[in-house]
Amino acid sequence: MSTEALARLAGERVDHRFKGLPPDADGLTVGELAAQRRNLFTDGFATPVLALSAERLEHNLKLMETYATRHGLAFAPHGKTSMAPQLFQRQIEHGAWGITLAVPHQVRVARAFGIERVFLANELVDAAALRWVSAELAADPSFRFVCYVDSVRGVELMDAALKGAARPVDVVVELAAGEGARTGVRTEAECAAVADAVAAVPTLRLVGVAGYEGEVPRADPERVDAWLRRLVALAVDFDKAGRFAAAGLDEIVVSAGGSAWFDAVADVFAGLPELSLPVLKLLRSGAYVSHDDGHYRKLTPFNRVPEEGALEPAFRLWAQVVSRPSAEQAFVNAGKRDAAHDLDLPFAQVVRRDGVERPATGVSVTALSDQHAWLRTTAEADLEVGDWLGMGLSHPCTSFDKWPLIPVAQADGTVVDYIRTFF
């Protein structure tokens, strides 16, 4: 990571671009505001405001570091979840091999902040982006870049864009998760054809196989396990056929692992036989960094292996009650512009009034408008105009992207940092 680039983030001026921050902080640098250690609830923050829990964030980082180490996995967490270089740095400090990304813009962000290892979980066929990657590889011998390839046509397009490249681009053949699944090569025979196409051009180097078990149709433990065993068998077959004999190759990459089935990945990868070169068993789960109160709370593999620990939801969206038109209804000033809503509505968790926080008993979110959440309130609900409502969110990937600067708050409300996102 580039400490200079990260330092520039602290030098950015606070202004109208960053919602939720105290209006009287305008003109301060982010670093100056962080040094003031303001309180989220009493020092001028304006609702709605999204906050990350400092303690839970650190817990999640440590837990996945421990998990990957225990299971002999390298870890390239998916950066598209947060697109936050400060979190990339902390993930690398907690043992990450590098960062996984999905599209060229995200790679440019990572490189701007000095990320030295990038796994692009997509076939890259954009000529301009390929030329840029090639220039990055030529300029920085320490930069490691790996991307998917899933078609002979893709190989042809990559080769055409990379003619004359100083270094070949490392690629892994993506095995599709099944018929009708997302991207990837559907059959082993087609995988071999793609690998042959890679071997026939000087601009690419085959370094492994990969895929995403989260797209297995009608996924259950048996189907996911069967697909992961296909992926491992593909690596073994490619190795036996001498497909990983490219000059200078010192390891074979075998990669999978979203946020719902990484326990299955760990189990199957543990049985991967010895190959002709050391194997980089690369896990790519990304949502763990903040976890959530909905989708991933239900899907996390730690539910199946509780002895290994538990992730903690780190996000809380604070909004203020701005209308209480009836005993059964209330409205707060946060809506679709502020809260993830693609998988679940926000979850009413706590109410703050006069510095006292209590459970949001009898309060539920029933709908979102652009700038309002619709609340249903029962007779148990004690809710007044002006109260702050703390809500949990579902799906980290669509929570981070709504907030360009996110306060990191300790349990007592003290804001100790601000996370800058780049979407």
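**Ground rules**

I note that this is a predicted model, in which local features need pLDDT of at least 70 and side-chain atom pairs count only at pLDDT 80 or more, while totals for chains, interfaces and linings use all residues. Residues are numbered from 1 along each chain as its sequence is written, and side-chain values use heavy atoms, with hydrogens and water left out.

**Whole chain**

I counted twelve helices and 18 strands in the protein chain, taking helices (H or I, at least four residues) and strands (E, at least two) as DSSP runs numbered from the N terminus. The C-alpha trace spans about 70 × 45 × 35 Å along its principal axes. Buried residues make up 56% of the 423, where buried means under 20% relative accessible area, exposed over 50%, and partly exposed in between (1.4 Å probe, protein chains only). Of the contacts between residues at least 6 apart in sequence, 70% join residues at least 24 apart, a contact being heavy atoms within 4.5 Å.

**Gln86**

I then returned to Gln86, which has its place in helix H4 (residues 85-93). Gln86 counts as buried because its relative accessible area is 13%. Leaving aside neighbours within four places in sequence, I find Gln86 in contact with Leu6, Leu9, Asp417, Tyr418, Ile419 and Arg420. Gln86 and Phe113 are 27 residues apart in sequence, and their C-alpha atoms are 9.1 Å apart in space.

**Ala68**

Ala68 lies in helix H3 and, at 4% relative accessibility, counts as buried. Not counting residues up to four places away in sequence, Ala68 touches Leu73 and Phe75. I also noted Ala96, which is 28 residues from Ala68 in sequence and 9.0 Å from it in space, C-alpha to C-alpha.

**Arg144**

Is Arg144 buried or exposed? With a relative accessible area of 16%, Arg144 is buried, and I place it in strand E5 (residues 144-149). The side chains of Arg144 and Asp170 are joined by a polar contact of 3.3 Å. Beyond four places in sequence, the residues in contact with Arg144 include Trp97, Glu116, Arg117, Val118, Val207, Glu251 and Val253, as well as Asp170.

**Pockets**

I looked next at open space, where a pocket is an open set of points on a 1 Å grid over the protein atoms alone, reached by a 1.4 Å probe, with protein on both sides within 12 Å along at least five of seven lines, and lining residues have an atom within 4 Å of a point. The largest pocket holds about 520 Å³ of space, a volume being the space filled by probe spheres set on the points, which are joined across faces, edges and corners. It is lined by 27 residues, of which His78, Lys80, Arg182, Tyr212 and Gly258 are the closest to its centre. Strand E4 (117-123) and helix H11 (295-299) are the elements that give two or more residues to this lining.

The second largest pocket has about 400 Å³ and 21 lining residues, with Ser53, Arg316, Trp318, Gln410 and Ala411 the closest to its centre. Strand E1 (49-53), helix H3 (54-70), strand E10 (315-326) and strand E12 (347-353) each supply at least two residues of the lining.

**Backbone details**

I found a cis peptide bond from Thr47 to Pro48, with omega near -5°; Pro48 sits in the loop between helix H2 (30-35) and E1. Arg218, in the loop between strand E7 (204-210) and helix H9 (221-240), has a positive phi near 50° and is exposed, with a relative accessible area of 62%. His395 has a positive phi near 85° in the loop between strand E16 (388-392) and helix H12 (397-400), and it is buried at 13%.

How values were computed: A polar contact is a pair of N or O atoms within 3.5 Å; within protein, one must be able to donate a hydrogen and the other to accept it, and residues adjacent in sequence count only if both atoms are side-chain atoms.
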